[in-house]
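Visitor: I should like to learn how to read the features of a structural model. May we go through one together?

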Amino acid sequence: MRSKIAQKRTLWLMLLPCFLVLVVIIIVPLVNLFRYSLYNYKLANPNGMIYRGLKNYQKVFRDKEFINSLSVTGRYVLGVLITQVPVALLLIETLSNIKRGSGLIKSLIMPPMVVPGVVAAVIWRLLYNPSTGLINFFLSPLGLQHAWLADPKTTLASLVMVDFWQNTPFLILVLLAGRSTISDDLYEAGRIDGANGFQLFRHITLPLLQGSLMIGILFRIIDSLKGFAHISVMTSGGPGNVTTTINYYAYKMAFNYTDIGYSSALGVIMLLITVMIAVILVKGFSMGGSKK
Amino acid sequence: MKLSRIIALALIACMLFTLTAFADDGKPYAGTTIHVVLNTHNYYNTADTFIPEFEEATGITVVMEHVERVSLATKQEMELGSHTGAYDVMLIDGSKVVRYDQAGWVEPLNDYIANDPDFDYSDYIDAYADLLKVEDRINGIPCVGETTVLFYRKDLFEQAGITEVPKTWAEVEAAAEKLSAIEGVAPLGLRARAGEGLNVYVWASFLWAFGGRYIDENGNPVLDSPEAIAATQKFADLINKYGPVGGGDMTHSDLVPYFQQGKLAMYYDASVWNSNFKDTAQSIPEVLENWAAAPAPMGEDGKGAAAVAAHSLMISKDSKNKDAAWEFIKWYSGKELQTKVALQTETFGAIVHKSIMADEAFEKVFGGHGWIEAVEESLTHSRPDYRYTENPDWAWIGDRIGKAVQDTIIGVGTAEENMKTMNEDLREFLEENGYIK
């Protein structure tokens, strides 16, 4: 029998390759992100990196474009949650109550999730085309045709719609998995007590779904914060800056203007915002759970 | 010195001379591989088919890559900024030349030109070649040149009762008003989408036509002047009143197909689209027969300017095969290849050589439709400071201007509000980056 110390050492040795990979892929870029954010670092500047301390961050908070991107991101994420969560909940309720054919329906819902974001964006861009797109084609007899992507009042909503098409299936998957762990006995007991469908949902499904709901919402928030393919292909952050999220703004600063320092500061701020949201969400759900 | 010594030295000198003949003979760069990255264009599609000939003649292997222009700008900055040296020949143009020059990314070509007796630099159209000069450094050789012209449909002009081709923007507006009576056709197409190489490229014609400019003598931005505001207002009005539905976010990739499908009566944009409109596979018959080009419209009192731009070839400073790269640049932008491509495709007319413009064979293929005359006339009104590209941070500045213009078009703020705010932002930016005190 090997000593505990020898066992521990084997354990560490076996974990070492994994640690190395993690360090290279995650730690090094992260450290560099923080490092570059403290410098005036523009690729086109032959003078290289110039230390600026926290000046980049001061600039960010005075930047009108950044404030706008905060607002756009907030509205985008809110739009995504408001459209996707209720519909997903409704659909899993319906799917759970259909005995036959639910498997077929589930497999029919999945394809949008599998299509690459860029492909979906290209197709939807064609659909939205004001004169040759299918959407306006079907709406024109009703006189409802519109320049969906070009009109700043409807651009963001049009993007939220594409995200809805593409990512609600994911939410459905996550929630279905959680729903399936809820024992049928609970529902039977509820029905015997005279509860109707809505009451069953509110008092049995919803509380017991908290775990999957939290995970689903968290993933949707993180994904929509990271959203890039749709925005880049369909609107390039426009018209104007109506659909420039923080992520897209950081991309523009990094890749269009090669201002590495400033875009790193934006990246750090995005990271902090995401972590904050995740912490609040987890706390919110676990508190709600323990209230019972 | 003894005579025999002098003769011996003279003989050695002669023998040394013959060694140079060895260098010129055959293929001095045989076995070298060069990497080229350029944007996408009709010219390259055909020119690339002749690369095997070049490889055969010189022994140089060419690895060619094409990336869409806006993405290419990003890719190139990443490569050049990190000094990867992955590419020997890259794309450069007037909007990047000062930036690349200041960053030390580009190899000046003055010595290559001076030491190459076969190379006729003076045959390149001056308006294009001058774009690549920074102080006395020649940073690139033009390859595909363009200016802006007004494309229009002769048959639709007839139908609307327009007898004279518009020469000023006021006449364009009057023509558009007449054309608006025709169903299913938008009278005028102009780029609206924000971008230094998108709407700004066309809007600048209005800026100059209305008597506005970018900066004053001290380098302060003056885009909040009444002239600049009026130019932007007119630009937005024309797009909103006479442009296609949803035109508020359109750019050339949307508008060129519209013209090809017969949905636009007039289109003011780069002269290179003649090749698209001549393309039998993409343009409807009415367009093929009736498209025409007129010189860029001007403003009142002779004010106004046409754009000028040239996709040009540069040698990157980090290249390890500069001489082979120079051979490629000479050939790829050279008169022989351009003539071949122009006459073979019958659609590529954006040549950069004066001698080809005057060539009879060229005129036979590209004449008619008024295109050659329109290009020549527009070039006389072009100016290298058409956009404020002398500033290395032009990309940011131009994009910011484009946003103010597009905001006005889509109704986010008035022209006055947007131009004033934008001008303030420009002043702050220029001060922060040390361009003005």
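Guide: Let us begin with a term: two residues are in contact if their C-beta atoms, placed from the backbone, lie within 7 Å. Please keep in mind that this is a predicted model.

Visitor: With that cut-off, which residues does Phe328(B) touch?

Guide: Leaving aside residues up to four places away in sequence, Phe328(B) touches Ile34(B), Val36(B), Ile60(B), Val62(B) and Val89(B).

Visitor: Which residues have the most contacts inside the largest nonpolar core?

Guide: A nonpolar core is a set of buried nonpolar residues joined through C-beta atoms within 7 Å. In this structure the largest has 171 residues, and those with the most contacts inside it are Val89(B), Phe151(B), Met266(B) and Phe328(B). Another core, of ten residues, lies apart from it; among its members are Ile92(A), Leu171(A), Val174(A) and Leu175(A).

Visitor: How should one read confidence, and what is the mean pLDDT of chain B?

Guide: Where pLDDT is low, the predicted coordinates should not be read in detail. For chain B the mean pLDDT is 92, with 97% of its residues at 70 or more. For the complex, the predictor gives an ipTM of 0.73 and a pTM of 0.80.

Visitor: Turning to chain A, is it spread out or compact?

Guide: One compares the radius of gyration with the value that the globule rule gives for the chain length. Chain A has 14 helices and two strands. Its radius of gyration is 24 Å, well over the 19 Å given by the globule rule for 292 residues, so chain A is more spread out than a compact globule. Along its principal axes, the C-alpha trace of chain A spans about 80 × 75 × 35 Å.

Visitor: Into which domains is chain A divided?

Guide: Chain A is divided into domain 1 (1-29) and domain 2 (37-291). The C-alpha centres of these two domains of chain A lie 36 Å apart. Buried residues make up 31% of the 292 residues in chain A.

Key. Residues are numbered from 1 along each chain as its sequence is written. Chains are lettered from A and ligands numbered from 1 in the order in which they are written. This is a predicted model: local features need pLDDT of at least 70, side-chain atom pairs count only at pLDDT 80 or more; totals for chains, interfaces and linings use all residues. Domain bounds come from an automatic or database domain assignment. Helices (H or I, at least four residues) and strands (E, at least two) are DSSP runs, numbered from the N terminus. The radius of gyration is taken over C-alpha atoms; the globule rule is 2.2 Å times the number of residues to the power 0.38. A residue is buried if 20 or more other C-beta atoms lie within 10 Å of its own, exposed if 12 or fewer, and partly exposed in between; C-beta atoms are placed from the backbone. pLDDT is the predictor's confidence in each residue, from 0 to 100.
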